[in-house]
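This briefing covers one chain fold, by topic. The sequence and the model come first.

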Amino acid sequence: MDIKQTKIFAAKIRLETVKMIGKRGFGHVAGSLSVADALAVLYNDVMQVRPENPTWDGRDKLVMSKGHAGPALYSALALKGFFPMDWLNTLNQPNTKLPSHCDAKLTPGVDATTGSLGQGASVAVGIALARQMDGLDARTYLFLGDGECNEGQVWEAAMFANQHKLANLTAFVDYNKRQLDGTVAEVMDLGDIAAKFASFGWYVQVVDGSCVEEIHKALTTTGGTDNTDGKPLCIILDTVKGAGVSVIENVEMNHHMVVEGDLLNAAIAECEAILAELGA
């Protein structure tokens, strides 16, 4: 992995996400920012995809079950070349191909329509099972929110994945510790979420969700590409909501927020300063 280039890719995802939501004036910015590093590792280093042929049968697939983080995924896809960068200016506008939540029928590179929390977990295990049955050497990646793990459907999917030995499935949990209307601990405490997934028969690794090196290592070591025991892999991304942009991190209720004026300008400046530090 080229660490510097992956960090640049993550910084660009953040910059484009902030600008995109700023263009609209409001949106799910914080939960998008907290998955930027994981998306950068996947699309810059790990996933087998063909931007010129988004529906290539042999591709790795990604299910953004926390569909409100669609803006971060759109940024990654645009930067990768799946569609023109200027599409990002149309987020959630009339006739857009980039709705606020992911839609596989509209956006090149989006593999599953999501937004109803919990359902993406079932979609991902279904995709992984189908590809296993077809003998395809391709992985399925699933992103879950920590608040989303309040949904029982997530745990049904977790049981199913272990039962069917879906070693081709990797789930990320965006453990940013906040959900729509409060902290996860206040709304419904997850307890030891790593132990929970382990008790369902998954390999589990807990990483710094803002460290591309740790994320990459988790994807390519035990339970990742060298998984021989038939267990799915869960990577807990220990992060904060709004990660990488302090002016958004510091807003207490930042699940869905107004992004305009001085806040927007400060967020863009912060992202641009990080890119400058990286020499981009």
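Gly81 follows helix H4 and has a positive phi, near 100°. This is a predicted model, in which local features need pLDDT of at least 70 and side-chain atom pairs count only at pLDDT 80 or more, while totals for chains, interfaces and linings use all residues. Residues are numbered from 1 along each chain as its sequence is written, and side-chain values use heavy atoms, with hydrogens and water left out. Helices (H or I, at least four residues) and strands (E, at least two) are DSSP runs, numbered from the N terminus.

**Helix H4**

- Of the 11 residues of H4 (residues 70-80), 9 are buried, so the helix is largely enclosed by the rest of the structure; buried means under 20% relative accessible area, against over 50% for exposed and in between for partly exposed (1.4 Å probe, protein chains only).
- The buried residues of H4 are Gly70, Pro71, Ala72, Leu73, Tyr74, Ser75, Ala76, Leu77 and Ala78.
- Their cover includes helix H1 (3-24), helix H2 (30-33), helix H3 (36-46) and strand E2.

**Helices H1 and H3**

- The axes of H1 and H3 come within 8 Å and cross at roughly 125°; axes are lines fitted to C-alpha atoms, for helices over the stretch in contact, and angles run from 0 to 180 degrees between N-to-C directions.
- That angle makes H1 oblique to H3, where under 35 degrees counts as roughly parallel, over 145 as roughly antiparallel, 65 to 115 as roughly perpendicular and the rest as oblique.
- Contact (heavy atoms within 4.5 Å) involves Gln5, Thr6, Phe9, Ala10, Ile13 and Arg14 of H1, and on H3 Ala36, Asp37, Leu39, Ala40, Val41, Tyr43, Asn44 and Asp45.

**The sheet**

- Five strands form an open sheet in the order E2-E3-E4-E8-E7, with parallel pairing; two strands pair if DSSP finds at least two bridges between them.
- Strands E2 (61-64) and E7 (203-208) are at the edges with a single partner strand each, so one side of each has no neighbour in the sheet.
- From one strand to the next, the twist averages 20°.
- E7 and strand E8 (residues 233-238) run parallel and are joined by 6 bridges, and Asp208 is opposite Asp238 in E8.

**Helices on the sheet**

- Helix H5 (residues 119-133) lies across E2, strand E3 (140-145) and strand E4 (169-175), at about 170° to E3.
- Helix H9 (residues 212-220) also packs on the sheet, where it touches E3, E4, E7 and E8, and its direction makes about 165° with that of E7.
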